[in-house]
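Thanks for coming, everyone. I'll take a few minutes on one model and keep it brisk. Please have a look at the screen.

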Amino acid sequence: MSHPIEVILEHLKQHPEIVVERSGDSIRVLPKSEKGFTVILSAQPDSLFIVYFEMWHSEFDRWEDAFQCFMWGLSNQCRLKVTKRGDTPYKWTAESSYTGTWEFVSATGVLNFAFWKTTTEYYLQNDWVRMTPKS
């Protein structure tokens, strides 16, 4: 089997407009605009793979699952809800829309002790890879 990063690079050749950066055992796709988010796959030495959407992340022990998650992050069927207190983001929630309705997948958060500040939310979404919802 080829190295997972090589497989992703080969797959992304179908999308020459995608900005890809590779550094060792990591690959990063930059967003098209400020309305998108960075997607990273990092291959760890112990056969662990971590996919990041900004600060949101998920770990995989099968590279095929990490690949699926990475490609999902590039698609229009994934969005990232960012929650802030004041000007500081503290929670990133991945949501999917395989059926046309946005649904919670998982969330990553950090401690934010500014509980008195106003909470706001905004959404980031990539659309490098267009997919149609299942009916």
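Start with helix H2, residues 63–73. H2 lies across S6, strand S7 (88–96) and S8, and runs at about 105° to S7. Helices (H or I, at least four residues) and strands (E, at least two) are DSSP runs, numbered from the N terminus. Axes are lines fitted to C-alpha atoms, for helices over the stretch in contact, and angles run from 0 to 180 degrees between N-to-C directions.

A word on the source. This is a predicted model, where local features need pLDDT of at least 70, side-chain atom pairs count only at pLDDT 80 or more, and totals for chains, interfaces and linings use all residues. Residues are numbered from 1 along each chain as its sequence is written, and side-chain values use heavy atoms, with hydrogens and water left out.

Now the sheet under discussion. It is open, with four strands in the order S8-S7-S6-S9, and the pairing is antiparallel. Strand S8 (103–109) and strand S9 (119–124) are the edges, each pairing on one side only. From one strand to the next, the twist averages 25°. Two strands pair if DSSP finds at least two bridges between them.

Take the pairs in turn. Strand S6, residues 78–85, pairs with S9 in the antiparallel sense over six bridges. There, Arg85 stands opposite Thr119 in S9. S7 and S8 also pair antiparallel, over six bridges. Ser96 has Glu103 in S8 as its bridge partner. S7 and S8 form a hairpin with six residues between them, and Gly100 in the turn has a positive phi of about 100°.

Next, the core. A nonpolar core is a set of buried Ala, Val, Leu, Ile, Met, Phe, Trp, Tyr and Cys residues joined through side-chain atoms within 4.5 Å. Buried means under 20% relative accessible area, exposed over 50%, partly exposed in between (1.4 Å probe, protein chains only). The largest nonpolar core has 31 residues; Leu12, Leu41, Phe53, Phe70, Leu74 and Leu80 touch the most other members. H2 gives the most to this core, with seven residues. In soluble globular proteins, nonpolar side chains tend to be buried together.

Look at Leu80. Beyond four places in sequence, Leu80 touches residues including Phe53, Trp56, Trp92 and Tyr122. Contact here means heavy atoms within 4.5 Å.

Why does Lys81 count as buried? Because its relative accessibility is 17%. Lys81 is found in strand S6. Among its contacts beyond four places in sequence are Trp92, Glu95 and Glu121.

Arg79 also has its place in strand S6. Arg79 counts as buried, at 17% relative accessibility. The side chain of Arg79 makes a polar contact with the side chain of Glu95, at 2.6 Å. A polar contact is a pair of N or O atoms within 3.5 Å; within protein, one must be able to donate a hydrogen and the other to accept it, and residues adjacent in sequence count only if both atoms are side-chain atoms.

Last, cysteines. How many disulfides are there? The count is zero, with a disulfide taken as a pair of cysteine sulfur atoms within 2.5 Å. The sulfur of Cys78 is 7.3 Å from the closest cysteine sulfur, in Cys69, so the two are too far apart for a bond. Cys69 counts as buried at 9% relative accessibility, and Cys78 counts as buried at 0%.
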